[in-house]
Structures are given as C-alpha cells and as structure tokens.
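Please look over the model shown here before reading on.

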Amino acid sequence: MNDYQYDYQTVKGFIVSCLFWGVVGLLIGLLISAQMWNADFNFGEYWSFGRLRTVHTNVLAYGLGIGAEFGIFYYLVIRLTKRPLVFPKLARFHLWLFNVGILLGAWSLFMGYTQNVEYAEFEWPLDIAVVILWVIFAINVMGTIFKRKENEMYISLWYIIATIVTVAILYIVTNLFIPSTLTKSYHVFAGVNSANVAWWYGHNAVGFLFTTPILAMFYYFLPKSTGLPIYSHRLSIISFWALIFAYLWTGAHHLVYTPLPDWIQTLGIAFTLFLIAPSWGSVVNGYFTVEADWSVMKNKYLTKFFIVGVTFYGLQTIQGPSQGIRVISSLIHYTDWVPGHVHMGTMGWVTMVICGSIYYIIPHIYKTEIYSEKIANIHFWIVLIGQLMFSITMWITGVQQGAMWKMTNPDGSLKYTFIETVLANYPYWQMRTFAGIIFVVGMLFFLYNIYMTIQKGKKEAAAKLATANA
Amino acid sequence: MSNYNEEFDDLSKFERQDTKHNLPMGWLILFVGLIIFGIYYTYMYSPSFTGWTQEKAFEESMKK
C-alpha cells in the first residue's frame with residue numbers, strides 16, 4: 001500500500017529494559033516481604049528493610065511501570081498519529097538516560113540518600129535528571145501529536161497527554177527542595193503543608209502513573225486484541241475529563257484524622273467518592289465492548305488480560321474511595337490492609353494490562369505469532385492466584401490489626417499491647433511471601449514466553465531473508 | 001491475530017458507530033448522584049457550614 005515502515009527499535013529497548021527492572025524489583029519485593037517475619041533476612045545496613053523498601057517501590061514504579069509506559073506510549077503515538085516520532089534519535093537517547101537514571105536512583109536509595117517523601121525519595125540532583133528526561137519525552141510525544149497525519153485524536157492520545165502534563169506539574173511542585181549539600185535537601189513546604197503536598201503528589205502519582213497511562217493502553221489494545229470496537233466514544237470522553245478533573249483534589253484523603261484542616265479533608269473525601277463514577281465509566285465501557293461477543297474471552301487469549309485487569313481496576317476504585325471515608329480510614333489506615341489495596345492495583349490492574357500490551361506488541365513488531373498461548377494462559381492464572389492471595393491475606397490481617405488497636409477493656413484501657421498486634425500479623429506475612437513467590441513464578445512464565453517469541457521472530461526474519469536472497 | 005501485515009490502524013474500527021453516543025442510564029445516575037452527594041457531604045462536614053469538627057466528633061465517640 002505504501003513504503004512507510006514504523007521504527008520500533010526504541011519501543012523494543014524500553015520493553016526489554018522494563019522487564020529487566022521488573023525482575024529486580026520483584027526479587028527485592030520478595031526479600032523485604034520475608035524481612036517482615038524474620039529479621040535474619042536483613043543483611044547489613046544496605047540490605048535492610050528501611051532501604052530496600054524504597055528500592056522496591058521506586059524500581060517497580062519507575063523501572064517497570066514508567067519504563068513500560070515510555071515504550072508503549074512511543075508505540076501508541078506513532079501508530080495513532082500515523083507518522084514517525086519527530087525526533088527518533090532523541091527517543092533513543094531517552095532510553096539510555098532512563099536506564100542510567102534508574103540505576104543511579106536505585107543506587108542512591110541503597111546508599112540511604114532520600115528526601116523522605118513517599119514515591120519522591122530521589123534527592124535533588126536526580127530530580128533534575130528526571131525533569132530533563134520527562135521534558136525530552138514530552139517534546140517528542142507532543143511534537144509528534146501536533147504534527148500528526150491522522151486528524152482524529154483517539155481517546156488513548158488524550159490519556160497520554162494528561163499523563164505527560166500532569167506528571168510534570170506534580171513532580172516539579174513536590175520536589176521543590178532547597179539543597180544543602182549534594183545529597184541532602186529540605187522541602188520548601190513545612191509541617192502540615194509539606195504533608196499535604198506530599199500526598200497530593202503521592203495520590204496523583206497513582207492517578208497519573210498507574211491509571212491514565214494504563215487506560216491509554218486499555219483503550220487501544222482492547223479493540224486491537226478482540227477485534228471489537230469500543231462501545232461508546234461519549235462515555236470514554238466524559239470519563240476522561242471527569243477523571244482528570246477530580247483526581248487532583250483527592251490527595252487529602254491520605255491525611256484523615258491528622259492536623260490537616262477539617263475542610264480540606266472533607267473536600268478531599270467528597271472528590272474521592274466522586275472518582276468512582278469516571279473510573280467505572282471506563283470499566284462499563286470495557287464490559288459493554290466485550291458484551292457484543294463474549295466468545296472472545298475464550299477464543300482470543302489476550303481478552304482476559306484486559307477484562308480481568310479492568311475488573312480489578314473497578315474493584316480498586318470502589319475500595320480506594322471507601323478507604324477515604326473517615327470511619328473506614330480510622331479502622332484500616334496505617335495497617336497492612338494498605339499494601340493489600342496497593343498490590344491489587346499494581347499486580348491485578350497495572351501489571352496485567354502492561355503484560356497484555358507487551359504480548360500484543362512483541363509479536364506485532366517481530367512479525368510473528370506468540371510463542372505459546374498455552375504458556376500465556378498459565379502465566380495469567382498463576383499471577384491471578386498470587387495476586388488474590390496477596391491482597392486477601394493483607395485485608396484480613398489489616399482489619400484484625402485495626403480492630404486490635406481499637407479494642408478496650410471495660411475500664412477503658414487498651415486490650416492489646418502493640419507488640420501483640422504485630423505478632424498476630426506473622427502468619428499472614430508468611431502467607432504473603434508465599435503468594436509473592438507464586439506471582440513471581442507466573443511472571444517468569446511471561447518472561448520466558450516473550451523471550452522465546454523474540455527468538456522465534458528473529459529466526460523467521462532470518463529465514464525469510466535467506467529465501468529472498470536465494 | 002490477523003493484522004501483522006497492516007501498516008496503518010483503521011481508526012473507524014476502534015469505536016462502535018451505533019452506540020457511539022450512548023451513556024448507560026445506571027452509570028449516569030451514579031455520576032449525577034455522586035456529584036449531588038459530594039455537595040451534601042462537603043456541606044455537612046465543613047466546620048464553617050455546620051460547625052462539625054473532627055475534635056468534637058472524637059470527643060463524642062469517647063463519651064460512649
């Protein structure tokens with residue numbers, strides 16, 4: 001039809017990089033989960049929980065999560081604008097800078113350099129590097145969208161734009177730190193203001209790193225892998241604008257029953273509850289799309305990654321707003337319920353949709369078929385079981401912990417000492433490590449399948465070249 | 001999957017034409033309902049509107 005060839009080299013690079021960081025982050029996750037129930041798993045100061053916990057969250061959020069998003073966004077942008085990137089070499093530089101950045105970031109956390117703001121731990125020199133990295137990414141993606149060859153802007157592009165613009169604002173405002181030395185700095189906001197900004201950022205990191213980018217993938221790869229068109233354009237667009245409008249007001253729900261002014265908490269809770277509607281707009285849209293022909297759940301192996309993924313998104317966006325309500329927050333906040341909630345989102349929704357997208361992209365750019373649908377199915381069921389076990393054990397122990405903290409004797413004294421509530425967690429923490437191992441095994445099936453698909457694609461391309469030359 | 005040889009995506013195949021402008025009624029009720037509830041909730045639990053404060057609520061719960 002035409003000679004146009006998409007250049008997918010940078011996309012491949014990001015996918016391979018994100019899988020590498022994913023393995024690193026998952027293994028550290030397993031280690032710190034064992035440290036929770038056996039202190040002997042802390043090896044010296046560098047391999048102790050306090051340092052590794054931030055390495056785990058940062059490497060998975062930024063290495064696996066953002067790495068996959070960079071690669072998949074480059075793929076989506078060139079496909080949806082029907083033109084190459086405006087600066088392909090800059091994208092290649094972006095790939096290298098990204099890997100060096102994650103390496104240095106992980107190293108700095110190992111060394112104990114941290115700003116002590118959750119998900120914004122990197123010290124100021126790294127923050128500057130992150131901003132440069134993001135600007136490079138923004139110029140390339142926005143430039144390509146401005147110069148697009150396709151007039152229509154599909155919903156995925158809107159989610160990509162929202163991600164780029166909002167993350168830039170969030171990251172810069174939260175990381176306004178005054179440097180005192182090369183490795184130490186102080187937040188310009190003090191006390192309760194610092195906490196409010198930190199959670200405005202912390203919550204919206206979830207919104208604009210784990211929600212909008214994943215929805216961009218969902219809206220593209222669901223129709224691509226099922227062959228079914230999205231049910232309602234209007235529902236997509238209304239949900240999009242409502243979601244990004246409401247999200248930025250919600251951070252205060254992390255600070256319920258703190259010195260933060262009551263009215264800010266209340267406003268945060270009201271917007272948080274409202275978020276159920278735009279979140280479920282995308283869930284409903286996904287279900288109604290597949291309702292046209294449910295047989296795709298069985299016939300097209302990728303459908304279940306997206307539909308089960310969006311189901312966990314739906315559960316997550318009911319559970320999350322409920323946790324914002326004062327009475328529920330007072331029971332489960334600061335307990336192990338919270339990691340249960342977070343991991344349903346990251347393992348059930350984010351990773352599920354990223355894996356589904358990579359399963360689609362890799363065979364597509366290597367012009368081959370997936371190595372084994374059977375292994376993909378095994379991967380799906382194992383990670384699903386691992387994730388459910390992880391979340392459910394944490395919910396049970398979280399409610400138990402919250403209830404034990406609150407229980408009083410008839411004379412008003414506390415029924416349990418703090419250490420008793422910690423000891424009650426042990427069996428659940430051990431179960432969580434077991435669940436984590438199951439999840440990681442599932443991910444190894446995924447890695448093997450992707451590796452074999454790449455090898456198969458290379459072999460087929462070589463064979464084709466040989467016959468063409470013969 | 002049958003579209004390995006395609007060059008460009010056909011965007012018209014991404015969105016259903018017959019239901020393009022539909023908003024499911026149940027979802028619309030949820031959407032409007034949550035906006036109304038949000039206004040009610042903000043009014044009820046803002047100290048400057050109703051005098052409710054987290055401190056008073058805590059003291060009341062301690063009396064029980």
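Leaving aside residues up to four places away in sequence, Gly268(A) touches Trp249(A), Thr250(A), Gly251(A), Ala252(A) and His253(A), where two residues are in contact if their C-beta atoms, placed from the backbone, lie within 7 Å. This is a predicted model, in which local features need pLDDT of at least 70 and side-chain atom pairs count only at pLDDT 80 or more, whereas totals for chains, interfaces and linings use all residues. Residues are numbered from 1 along each chain as its sequence is written, while chains are lettered from A and ligands numbered from 1 in the order in which they are written.

Gly268(A) belongs to helix 9 (residues 262–274) of chain A; helices (H or I, at least four residues) and strands (E, at least two) are DSSP runs, numbered from the N terminus. Gly268(A) counts as buried because it has 24 C-beta neighbours inside 10 Å, the rule being that a residue is buried if 20 or more other C-beta atoms lie within 10 Å of its own, exposed if 12 or fewer, and partly exposed in between, with C-beta atoms placed from the backbone. Between the C-alpha atoms of Gly268(A) and Thr335(A), which are 67 residues apart along the chain, the separation is 21 Å.

In total, 33 residues of chain A are in contact with 30 residues of chain B. On the side of chain A that touches chain B, helix 8 (233–247), helix 9 and helix 10 (276–291) of chain A each supply at least two residues, and the largest share, 9 residues, comes from helix 9 of chain A. The residues of this side of chain A divide into 20 nonpolar, 6 polar and 7 charged, on a scheme in which Ala, Val, Leu, Ile, Met, Phe, Trp, Tyr, Cys and Pro count as nonpolar, Asp, Glu, Lys and Arg as charged, and the others, Gly among them, as polar.

Leu215(A) is buried because 29 other C-beta atoms lie within 10 Å, and, not counting residues up to four places away in sequence, Leu215(A) touches Tyr159(A) and Ser282(A).

How does helix 2 of chain A pack against helix 14 of chain A, and at what angle? Helix 2 (residues 49–81) and helix 14 (residues 337–365) of chain A pack at an angle of about 40°, with their axes 11 Å apart; axes are lines fitted to C-alpha atoms, for helices over the stretch in contact, and angles run from 0 to 180 degrees between N-to-C directions. Helix 2 of chain A is therefore oblique to helix 14 of chain A, since angles under 35 degrees count as roughly parallel, over 145 as roughly antiparallel, 65 to 115 as roughly perpendicular and the rest as oblique. In this contact Gly65(A), Ala68(A), Ile72(A) and Tyr75(A) of helix 2 of chain A meet Val350(A), Ile354(A), Ser357(A) and Ile361(A) of helix 14 of chain A, which by class gives 6 nonpolar, 2 polar and no charged residues.

Helix 2 of chain A also packs with helix 5 (residues 155–174) of chain A, at an angle of about 135° and with their axes 10 Å apart, so these two helices are oblique to each other. Here Phe73(A), Leu76(A), Val77(A) and Leu80(A) of helix 2 of chain A make the contact with Ser156(A), Leu157(A) and Ile160(A) of helix 5 of chain A, and the contact has 6 nonpolar, 1 polar and no charged residues.

The strands come next. Strand 1 (residues 177–181) and strand 2 (residues 184–187) of chain A pair in the antiparallel sense over 4 bridges, pairing being assigned if DSSP finds at least two bridges between two strands. The two strands form a hairpin with 2 residues between them; Phe177(A) stands opposite His187(A), and the bridge partner of Ile178(A) is Tyr186(A). Strand 1 of chain A is hardly covered, as the count of buried residues among its 5 residues is 0.

Most residues other than glycine have a negative phi. Tyr334(A), in the loop between helix 13 (326–332) and helix 14 of chain A, has a positive phi near 70°, and Lys367(A), in the loop between helix 14 and helix 15 (373–406) of chain A, has a positive phi near 50°. Tyr334(A) is exposed, with 12 other C-beta atoms within 10 Å, and Lys367(A) is exposed with 12 such atoms within 10 Å.
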